[in-house]
Amino acid sequence: NTAFTDRKLVPKLETKTYIWIFRTGAFDDETAQRDCATLKQFYSDRGYLNAQVGYRIELAENGKDLTVVFQVDEGRQHFIKSIKYAGNAVFDNDRLTSIMRTTITGPIDADILKTDRKKILAEYGTIGYIYAEIDTTHVFDEEDGYVNLTVSINEGDQYRLGRINVQGNRNTKDKVIRRELRFYPEELFNSEEAKKAELRLVETRLFSEATITPQGATPGVRDALVEVKEAETTTVLFGVGVTSNSGVVGSISIEQRNFDLFDTPRTWKEFFKGRSFRGAGQTLRLTLEPGMEVNRGRIEFREPYLLDRDIGMGLGAFVFQRDRQEYDEQRIGFYNSYDKRWRTGLLKDWAAEVAFRVEQVKIDGTDWLTADEIKDDIGSHLLTSIKGTLVRDKTDSQWLPSEGNKIKTAWEQFGALGGDYTFS
């Protein structure tokens, strides 16, 4: 092997070396045969179409240990001499060539071809050709070291979107699911947007699975079946810790990510069985942190689609108490925020938020050793602020992004709504 190093090839093998306790290293002929086939396929997928792989064993003097030597005849790497398209009417050859990474004079690579097929299918899927099929084949050219590639396309028919049917949501309202789809009846059936919608539904953390499948037999029309599997949306966490700065601190956190403020219980039984205040995709979080020196409490509520629009609203209240060595600090406050997301147009991928905060701060418990700067602040004081935030998010996933970037900038101005202090 010269084209690929041992480090590249060895991880492909099922045959493994002996590691004391962890691995026996037992030799098996069938496994070695499969490894030969795997290595041959690896070479073939990268243009070494005539590669051959075999193996031999070298027995150690002790008669028990052996070395497996995989012998590779790489042959010659093949390159593409011509690319031919067959069956395409919607997109011309130039358009398809611009989509593909595979090029004339480049090596024939199975991984790149697989990606090219997906990209072409995606291009068809965006304009309603949801059943398009792509196949690639190659034949050896008369000139040694070259092949001729044929891309065969079965475009199928173009479809528009009929009804949108939702299944699997026992607790969640239909509108919570539909607002994440962002496609509507009578539009072209866009299979790529359907995939994005599946990801958005899972990333709400309301559903563990989401699939969108075309259904029906009406010519030119396919319904969309949206199937979801609801996730567990109630989280209860308990914790305790000891720190040199804050002493013993406890933690109790209760979160419901599928809250419904207006789904009031009809009976106490319905309330205690968790059949109320549920299903609207809102978030309610209660956090209590009692401790010897620090005590915190916070309640937060978020409506991601205020009045069924792309406007989020947050409400929260908090209390804080800290017994410091030089003084005691107590805070109680409230905040309210509104955010807007843009999905299309000039501001696509941008979001803006404005937040308002009102906070009462009390300083007491000072003694004769307390610094004068702290003594000057003894008593109760009012803080207010307005915070503005701009975000541009071009990542492809909220939780596990694989491409894109995210930029966020924020400014908070205290004293903007009055109060005793002004700072930024």
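Which residues do ring pairs link into a cluster? I found that Phe4, Phe42, Tyr43 and Tyr48 are joined in this way.

**Basis.** I worked from a predicted model, in which local features need pLDDT of at least 70, side-chain atom pairs count only at pLDDT 80 or more, and totals for chains, interfaces and linings use all residues. Residues are numbered from 1 along each chain as its sequence is written, and side-chain values use heavy atoms, with hydrogens and water left out.

**Aromatic pairs.** I looked up the ring pairs and noted 13 aromatic pairs in the structure. Rings of Phe, Tyr and Trp (its six-membered ring) pair if their centres lie within 6.5 Å; planes under 30 degrees apart count as stacked, over 60 as edge-to-face and the rest as tilted. Tyr124 and Tyr129 form an edge-to-face pair, because their ring centres are 5.9 Å apart and their planes stand at 80 degrees. I recorded Tyr124 as buried, at 0% relative accessible area, and Tyr129 as buried, at 15%. Here buried means under 20% relative accessible area, exposed over 50%, and partly exposed in between (1.4 Å probe, protein chains only).

I then examined Phe259 and Phe277, a stacked pair with 5.7 Å centre to centre and 10 degrees between the planes. This pair links distant parts of the chain, 18 residues apart: Phe259 lies in strand 10 (residues 247-259), and Phe277 in the loop between helix 7 (268-272) and strand 11 (282-289). Helices (H or I, at least four residues) and strands (E, at least two) are DSSP runs, numbered from the N terminus. Phe259 is buried at 10%, whereas Phe277 is partly exposed at 23%.

**Helix 5 and helix 6.** I noted that the axes of helix 5 (residues 174-181) and helix 6 (residues 191-203) come within 8 Å and cross at roughly 135 degrees. Helix 5 is therefore oblique to helix 6. Axes are lines fitted to C-alpha atoms, for helices over the stretch in contact, and angles run from 0 to 180 degrees between N-to-C directions; under 35 degrees is roughly parallel, over 145 roughly antiparallel, 65 to 115 roughly perpendicular and the rest oblique. The contact (heavy atoms within 4.5 Å) is made by Ile177, Glu180 and Leu181 of helix 5 and Ala197, Arg200 and Leu201 of helix 6.

**Positive phi.** In the loop between helix 5 and helix 6 I located Glu186, which has a positive phi of about 80 degrees although it is not a glycine. Glu186 is exposed, at 67% relative accessibility. I also checked Asp308, likewise not a glycine, with a positive phi of about 60 degrees.
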